[in-house]
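Hello,

Here is the structure I promised to pass on. Please look it over, then read the notes below.

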Amino acid sequence: MRCRRACRRAAGVAVALVLLTGGSPAAPAPHRLRWGPCPAEVAAPARSGLQCATVRVPLDHAAPEGRSITIGVSRLAATGPGPRRGVLLLNPGGPGGPGTPMPLWFAAHVPASVRAGYDLIGFDTRGLFTSTPVSCRLSAAQLRHAPVSMPLPHRPFAATAELHRSIAQSCARHAGDLLPTMYTANTARDMDRIRRALGEERISYYGVSYGAHLGAVYATAFPRRTDRVILDSAPDARAGWWKALRAFGPGSQQRFPDLTAYVAERNAAYHLGATADEVSETYARLLAETAAHPKDVGHYAVDDNVLRQITLQALFSDAFFPQLADVWRYLARAPGAPDEAGAEKALVPLQAAVPLEPRTQQLVLPTMLAVLCQDTPWPRSVDTYRRAQQHDAWRHPVAGAMTGNIWPCAFWPYRPEEPPVRIGGRGPRNILMLQNRRDPATPYAGARAVRKALGRRAVMVDAAQGGHGVYGFTADPCAGDAATAWLTRGTLPRADLSCPARRTAR
């Protein structure tokens with residue numbers, strides 16, 4: 001048994017090397033896609049024009065004639081009237097973000113000239129939503145606490161570790177043979193099967209956050225199959241996902257002054273502090289108070305973990321600052337604060353930080369964990385996370401212990417099946433990277449490291465602003481125009497470009 005498994009893995013790595021260099025091993029011919037109405041979970045309005053289909057891909061790309069699974073894809077056809085450029089494959093990040101609805105979001109947030117020339121293609125990665133699903137059959141307690149990567153309140157660290165151990169064990173028992181195949185290199189291979197099914201020689205691509213990392217992997221693995229690529233807000237996962245996720249600590253610390261300055265400048269309305277330091281002190285006080293006595297905000301129970309999570313969510317976009325300030329002043333009992341119903345209404349835009357409904361979580365959480373745990377090795381010692389948590393809480397108090405906290409990856413039953421794809425610069429110069437200088441989740445320093453790894457293939461445009469996501473997320477004309485020019489005219493900046501800060505009305 002041991003020999004068969006080892007031999008199969010060795011053979012799989014050999015075939016994988018062929019696949020990841022853009023070779024053409026024997027594989028079934030692509031089938032014709034049958035486009036039709038999207039399933040209900042895609043939540044596409046009937047008149048949106050979004051269509052859906054499925055693509056069959058091998059469960060194991062090293063054995064392409066073996067068992068297959070399905071990948072759900074969606075299409076929003078090019079509007080014209082000019083010539084169609086091709087397809088623009090999209091990924092919203094996560095990992096575990098729903099991809100099939102993304103063409104609708106993208107079309108609503110980018111210029112019509114981009115929409116005119118491309119079929120916008122979304123897809124759900126294996127295990128997720130309209131693709132062959134996976135589930136770890138997690139309990140309500142596991143679903144409630146796992147997405148909030150914080151120590152359990154009022155419990156010893158050993159209890160937090162045991163919770164994450166139980167999640168890993170549940171996945172090992174219930175998720176089946178699909179789970180070990182869910183990692184980034186296989187998603188890149190699935191993307192190339194989508195390309196073939198669409199009948200395209202090359203594909204253009206836009207991915208944000210984890211989606212930018214996925215795009216970098218695809219561009220490295222299949223350089224000859226890429227057309228115009230945009231990597232927006234790229235994390236640096238080359239040293240492992242735990243290190244990349246811990247970058248949220250310094251990233252949020254660098255971004256937080258944007259929030260405190262905004263609130264302080266409006267102290268006449270918010271009464272949370274007349275200076276940035278005073279606002280920071282208010283935040284610290286609210287964390288201590290909600291840790292001791294969680295407070296109901298409508299349907300949400302806000303303890304210090306949830307308060308920290310919604311605050312970190314607000315750092316993703318300046319547009320969230322007013323809603324967060326309303327939640328803060330409700331919790332602070334500040335003069336003129338909204339009532340409980342008003343505070344709950346303000347919290348709703350920040351609800352991405354609050355656990356999703358259980359059915360969605362049963363799909364999203366295993367998908368996220370599979371990729372993060374199986375792409376790269378994680379420390380196996382519980383004490384490593386205990387020390388990291390204490391260190392991060394001291395060095396980066398905005399995010400606190402979250403970034404160093406233990407994950408189910410410490411106990412994950414599967415080791416990486418193969419080494420991660422080493423992002424490199426072999427291939428055409430056709431990658432545009434976009435990055436905010438004060439990104440809380442994927443900090444600028446990490447994106448610069450990815451830019452260096454891509455070498456002459458890439459050019460970076462950075463914007464002197466905060467937030468996570470650039471193209472379609474902010475109104476910065478410098479970075480946005482560079483992205484539009486690349487997609488519509490094929491024009492890249494000659495060299496890396498730093499966009500100046502925009503003046504905003506006070």
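**What I found**

Serine 48 sits in the loop between helix H1 (2-20) and strand S1 (51-58). Helices (H or I, at least four residues) and strands (E, at least two) are DSSP runs, numbered from the N terminus. This is a predicted model: local features need pLDDT of at least 70, side-chain atom pairs count only at pLDDT 80 or more, and totals for chains, interfaces and linings use all residues. Residues are numbered from 1 along each chain as its sequence is written, and side-chain values use heavy atoms, with hydrogens and water left out.

Not counting residues up to four places away in sequence, serine 48 touches Leu76 and Leu104 (contact means heavy atoms within 4.5 Å).

Next, a helix pair. H9 (residues 248-265) packs against H13 (residues 321-331) at an angle of about 70°, and their axes are 10 Å apart. Axes are lines fitted to C-alpha atoms, for helices over the stretch in contact, and angles run from 0 to 180 degrees between N-to-C directions. H9 and H13 are therefore roughly perpendicular (65 to 115 degrees). Arg255, Phe256, Asp258, Leu259, Tyr262 and Val263 in H9 meet Phe321, Pro322, Leu324, Ala325 and Trp328 in H13.

Last, helix H14 (residues 340-347). Its Ala343, Glu344, Ala346 and Leu347 are buried (under 20% relative accessible area, 1.4 Å probe, protein chains only). These buried residues fall within an arc of 160° seen down the axis of H14, so they line one face of the helix. The arc is that of the directions from the helix axis to the C-beta atoms. Ala341 and Lys345 are exposed (over 50%) on the face turned away from the buried side of H14.

Best wishes

Terms used. Parallel < 35°, antiparallel > 145°, perpendicular 65-115°, else oblique.
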